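Subject: Structure handover

Dear colleague,

I am passing on the structure that we spoke about, and below it you will find my notes on what was found. Please read them with the structure open beside you.

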Amino acid sequence: MTAAAALIGVDWGSTHLRAYLIDEDGSVLERSEWAACGAPALAIGEHAGALARAIAPWRGLELPILACGMVGARNGWREVPYRSAPADAASLCAGLLQAQPGVWLVPGVLDATDPDRVEVMRGEETQILGAREPDERAEEALAICPGTHSKWARLRRGSIVGLRTCVTGDLYAALRERWPGVEPASPAWAAFDRGVARGACEPLASALFSARADYATRRLQPEELPDYLSGLLIGAEIAACRDLAGAEAPLLIGAPALAARYGRAMRAQGLAEPSQRDAAACVARGLMRIWREKGER
């Protein structure tokens with residue numbers, strides 16, 4: 001299996017370090033995941049050791065290492081300056097920073113087209129580049145990366161031309177710590193759908209309190225509260241970003257369970273059926289595409 005390996009790719013975010021052994025086609029041959037090893041949480045000087053432990057099974061292969069995500073943030077291993085939109089694989093390659101011999105960090109993307117706001121991403125740009133096939137460069141598209149900080153990105157001719165962020169996952173985690181409720185054995189879809197509908201049509205600050213009020217008045221059962229809150233936040237996110245959507249089916253990049261929630265909520269709001277992509281597969285292909293650009297220079 002390892003004979004076909006061409007690159008060690010690393011997706012190093014705020015909480016996890018995920019490493020992949022990648023072949024020439026961008027497919028994942030083997031993987032290694034370390035939780036509680038987020039790049040911003042490590043002290044100065046600890047990143048090289050953490051990486052060495054994560055890729056220990058492949059140490060003898062002497063492959064280049066390409067890492068994306070928060071590892072290149074100002075509180076990561078080394079800060080890699082953002083590349084301004086529009087950004088494609090060639091642009092990201094031009095901004096690579098060598099953290100140590102054999103290890104390069106991918107820059108994020110900055111969108112400052114609106115003078116009143118700035119949007120940034122680190123890691124999602126690599127997923128997005130890997131989500132599209134090479135022959136999909138001609139048309140415009142919308143890519144959605146749900147998560148802690150959900151990203152909606154407009155693509156044109158293979159480049160990321162604009163983006164918008166919603167802190168949906170952060171809000172959900174913070175509210176679940178403070179509010180009651182129990183995790184259901186299976187999703188309470190009826191409660192989720194109610195939340196989507198309310199989040200889509202009511203200002204978020206007031207809609208959020210409905211979860212507390214409905215629980216207090218027994219309109220929501222404890223096992224329904226998590227899914228109602230999830231639907232409410234996802235519904236509000238989609239409503240806030242639906243102006244970015246066109247007639248084409250959006251690319252939905254994420255873990256299957258979370259992507260299914262977004263797909264269900266998008267259908268409820270009348271958006272085109274999304275085409276789902278696995279985040280790990282996308283980041284591996286994206287890293288390989290960026291690395292190929294380096295080889296062609």
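Predicted model: local features only at pLDDT ≥ 70, side-chain atom pairs only at ≥ 80, totals over all residues.

**The sheets**

The strands concerned are S8, which covers residues 109-111, and S9, and the two pair in the antiparallel sense over 3 bridges. They belong to an open sheet of 3 strands, whose order is S5-S8-S9 and whose pairing is mixed. Strand S5 (83-84) and S9 stand at the edges of that sheet with a single partner strand each, so one side of each has no neighbour in the sheet.

There is also an open sheet of 5 strands, again with mixed pairing, which runs in the order S12-S11-S10-S13-S14. Here the edges are taken by strand S12 (159-166) and strand S14 (275-277), and because each has a single partner strand, one side of each is left without a neighbour in the sheet. If direction is ignored, neighbouring strands of this sheet are turned by 20 degrees against each other on average. Strand S13 (residues 251-253) pairs with S14 in the parallel sense, over 3 bridges, and Leu 251 stands opposite Ser 275 in S14.

Helix H6 (residues 204-216) packs with helix H7 (residues 225-241) at an angle of about 170 degrees, and their axes are 10 Å apart. Angles over 145 degrees count as roughly antiparallel, which means that H6 is roughly antiparallel to H7. On the H6 side, the residues that make the contact include Leu 204, Ala 207, Leu 208 and Tyr 215, while on the H7 side they include Leu 225, Tyr 228, Leu 229 and Ala 236. Sorted by class, this contact of H6 with H7 has 11 nonpolar, 1 polar and 1 charged residues.

**The largest pocket**

The largest pocket has a volume of about 1,000 Å³. Its lining is made up of 38 residues, and those that lie nearest its centre are Gly 13, Ser 14, Glu 124, Gln 127 and Thr 148. Among the elements that give two or more residues to this lining are strand S1 (5-12), strand S3 (28-35), helix H3 (124-131) and helix H9 (279-295). Which strand gives the most to the lining? That is S2, with 4 residues. By class, the lining of the largest pocket has 15 nonpolar, 13 polar and 10 charged residues.

**Two details of the backbone**

Most residues other than glycine have a negative phi, and most peptide bonds are trans. With that in mind, please look at Ala 36, a residue other than glycine whose phi is positive, near 55 degrees; Ala 36 is found in the loop between S3 and helix H1 (47-54). Please look also at the peptide bond from Ala 85 to Pro 86, which is cis, with omega near 0 degrees. Pro 86 is found in the loop between S5 and helix H2 (89-94).

With best wishes

Notes: Residues numbered from 1 in each chain as written. Heavy atoms only, no water. Axes fitted to C-alpha atoms, helices over the stretch in contact; angles between N-to-C directions. Parallel < 35°, antiparallel > 145°, perpendicular 65-115°, else oblique. Contact = heavy atoms within 4.5 Å. Nonpolar A, V, L, I, M, F, W, Y, C, P; charged D, E, K, R; others polar. 1 Å grid on protein atoms, 1.4 Å probe; cavity = no way out; pocket = protein on both sides within 12 Å on 5 of 7 lines; lining within 4 Å. Points joined across faces, edges and corners; volume = space filled by probe spheres on them. Pairing = 2+ DSSP bridges.
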